[in-house]
Amino acid sequence: MQGVFYRATAKDVANELGIRGWVKNLPDRNVEIRATAAEELLQKFIDWCKQGPPKAKVEDVIVEELDLQGFNDFRIIR
């Protein structure tokens with residue numbers, strides 16, 4: 001998905017929803033996101049992730065529940 005502004009748009013959407021965490025590109029061209037928020041907000045974010053920005057071609061979204069992590073904001077990791 002690299003090159004379609006997925007990370008930047010994910011950051012914008014996360015900020016709009018009040019979600020904290022991070023997004024980064026992986027070497028295999030996938031994207032990894034770690035996020036925390038109220039369950040309803042996370043579901044909205046997951047729904048967006050399944051679509052992505054206009055030029056994205058999202059094939060699959062895998063959701064895993066992890067131990068709670070403390071994030072101060074939502075950032076792009078390069």
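What follows is a conversation about a predicted model.

Visitor: What kind of model is this, and how are residues numbered?

Guide: The model is predicted, so local features need pLDDT of at least 70 and side-chain atom pairs count only at pLDDT 80 or more, while totals for chains, interfaces and linings use all residues. Residues are numbered from 1 along each chain as its sequence is written, and side-chain values use heavy atoms, with hydrogens and water left out.

Visitor: What makes β1 and β2 a pair of strands?

Guide: Strands are DSSP runs of E with at least two residues, helices are runs of H or I with at least four, and both are numbered from the N terminus. Two strands pair if DSSP finds at least two bridges between them. Strand β1 (residues 20-25) and strand β2 (residues 31-36) have 6 bridges, in the antiparallel sense.

Visitor: What lies between β1 and β2?

Guide: The two strands form a hairpin with 5 residues between them. R29 is in this loop, and its phi is near 75°, a positive value in a residue other than glycine.

Visitor: Why is R29 called partly exposed?

Guide: Buried means under 20% relative accessible area, exposed means over 50%, and partly exposed is in between, with a 1.4 Å probe and protein chains only. R29 has 49% relative accessibility, so R29 counts as partly exposed.

Visitor: How do you know that β1 also pairs with β3?

Guide: There are 4 bridges between β1 and strand β3 (residues 74-77), and these strands run parallel. One of the facing pairs is G21 and F74.

Visitor: How many aromatic pairs are there, and what makes two rings a pair?

Guide: The structure holds 3 aromatic pairs. Rings of Phe, Tyr and Trp (its six-membered ring) pair if their centres lie within 6.5 Å; planes under 30 degrees apart count as stacked, over 60 as edge-to-face, and the rest as tilted.

Visitor: Why is the pair of Y6 and W48 called tilted?

Guide: The ring centres of Y6 and W48 are 5.2 Å apart and the planes are at 45°, so the pair is tilted. Y6 lies in helix α1 (residues 6-17) and W48 in helix α2, so the pair ties together parts that are 42 residues apart in sequence.

Visitor: Are these two residues buried or exposed?

Guide: Y6 counts as buried, because its relative accessibility is 5%. W48 is buried as well, with a relative accessible area of 16%.

Visitor: What makes F45 and W48 a stacked pair?

Guide: Their ring centres are 6.2 Å apart and their planes are at 10°, so the pair is stacked. F45 and W48 are 3 residues apart in helix α2, so about one helical turn separates them. F45 is buried, with a relative accessible area of 2%. Y6, F45, W48 and F74 form one aromatic cluster.

Visitor: What makes a set of residues a nonpolar core?

Guide: A nonpolar core is a set of buried Ala, Val, Leu, Ile, Met, Phe, Trp, Tyr and Cys residues joined through side-chain atoms within 4.5 Å. The largest one here has 13 residues, of which Y6, A14, I19, F45, W48, C49 and F74 touch the most other members. Helices α1 and α2 each supply at least two residues of this core, and α1 gives the most, with 4 residues. In soluble globular proteins, nonpolar side chains tend to be buried together.

Visitor: Why is E40 called exposed?

Guide: E40 is found in helix α2. Its relative accessibility is 56%, so E40 counts as exposed. E40 and L17 are 23 residues apart in sequence, and their C-alpha atoms are 10.0 Å apart.

Visitor: What makes V58 partly exposed?

Guide: V58 is found in the loop between α2 and β3. At 22% relative accessibility, V58 counts as partly exposed. The C-alpha atoms of V58 and N30 are separated by 9.5 Å, and the two residues are 28 residues apart along the chain.
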